[in-house]
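Okay, thanks for making time, everyone.

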Amino acid sequence: MDWISFYDFKHSVIYVNARHRDVHYRTIAEDIRKLVPSPDASVLDYGCGEATSANLLAAACGQLTMVEAAPNVRAALIARHAGDARIAVLTPEQAAALPEASFDMIVLHSVAQYLTGAELDGLLATFRRLLKPSGTFVLGDIIPPRLAAPFAALALLRFGAANGFFWAAVGGLIRILLSDYFTLKKTHGLSHYEEAAMLEKLRRAGFAPERAARNIGHNQRRMTFLSKRA
Ligand SMILES: C[S@@+](CC[C@H](N)C(=O)[O-])C[C@H]1O[C@@H](n2cnc3c(N)ncnc32)[C@H](O)[C@@H]1O
């Protein structure tokens, strides 16, 4: 098993229940909406996951392209948005083959931790090519090293308490402990970055980055970076 197949399960253990999943996706869609540069913007959400609030984001831009590597998750997205001309759902390969300067905004949220440094470099090169010269690249949920798991658990409990799923979050944390998550973490690893290391990585990839004041989503220990093409 790898991270893509971990996320391809019908009911990913990462969401403690349907309410958690939906509040999670609504929260990130609302945060990402605020970053859309104009109502006619062309936006790419790469590694969008189940994206149950994609309509919220699509309503704030001209065209939303969602890319998901996990085949079952992608099939569900295609079925949900069939016939909606504002939304396209693509494979990573289809996205990489798009013409250059296709997007005003590209979002990679909560995906970089599952990629090796070299894999992320490859994606950054693709994104730089796909981004319009005036466009913005949004890199969210970057996890600093040290104490990531306890902070993530605490943030989930707080998120649960604020949104009516505290006890489900407690149960969910226990289920995650017993799941493939920690085995995968050992075998495939999770990538962590200090702020300075990520700024440097983005600069080397041809971006002019800055750290955003807030992270997208509920975990404010993690970081979001906003970049223009350098
Ligand atoms: C935590 S989910 C993030 C979903 C959504 N962006 C969010 O913030 O909730 C991680 C996503 O990364 C994707 N992913 C993991 N490894 C990947 C890889 N090697 N290439 C492309 N996508 C990958 C998974 O398919 C999954 O959708």
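Take the contacts between residues at least 6 apart in sequence: 66% of those join residues at least 24 apart. Bear in mind that what you're looking at is a predicted model.

In terms of secondary structure, the chain has ten helices and seven strands. Its C-alpha atoms fill a box of roughly 45 × 40 × 35 Å along the principal axes. For 230 residues, you'd expect a compact globule to have a radius of gyration near 17 Å, and the chain's value is 17 Å, so the two agree. Of the 230 residues, 36% are buried.

Now, let's zoom in on one residue, L131. Where does L131 lie? It's in strand β5, which covers residues 131-142. And is L131 buried or exposed? L131 counts as buried because 24 other C-beta atoms sit within 10 Å, and the cut-off for that is 20 or more. If we skip its neighbours within four places in sequence, L131 is in contact with F103, I106, F137 and R229. There's also L44, 87 residues away along the chain, with its C-alpha atom 9.4 Å from that of L131.

Last stop, a pair of helices. Helix α7 is residues 148-163, helix α8 is residues 166-178, and they pack at about 155° with their axes 7 Å apart. Angles over 145 degrees count as roughly antiparallel, so that's what we call α7 and α8. Which residues meet there? From α7 we have A153, L156, L157, G160 and A161, and from α8 we have F166, A168, A169 and L173. Eight of the residues in that contact are nonpolar, one is polar and none is charged.

Methods
Residues are numbered from 1 along each chain as its sequence is written. This is a predicted model: local features need pLDDT of at least 70, side-chain atom pairs count only at pLDDT 80 or more; totals for chains, interfaces and linings use all residues. Helices (H or I, at least four residues) and strands (E, at least two) are DSSP runs, numbered from the N terminus. A residue is buried if 20 or more other C-beta atoms lie within 10 Å of its own, exposed if 12 or fewer, and partly exposed in between; C-beta atoms are placed from the backbone. Two residues are in contact if their C-beta atoms, placed from the backbone, lie within 7 Å. The radius of gyration is taken over C-alpha atoms; the globule rule is 2.2 Å times the number of residues to the power 0.38. Axes are lines fitted to C-alpha atoms, for helices over the stretch in contact, and angles run from 0 to 180 degrees between N-to-C directions. Angles under 35 degrees count as roughly parallel, over 145 as roughly antiparallel, 65 to 115 as roughly perpendicular and the rest as oblique. Ala, Val, Leu, Ile, Met, Phe, Trp, Tyr, Cys and Pro count as nonpolar, Asp, Glu, Lys and Arg as charged, and the others, Gly among them, as polar.
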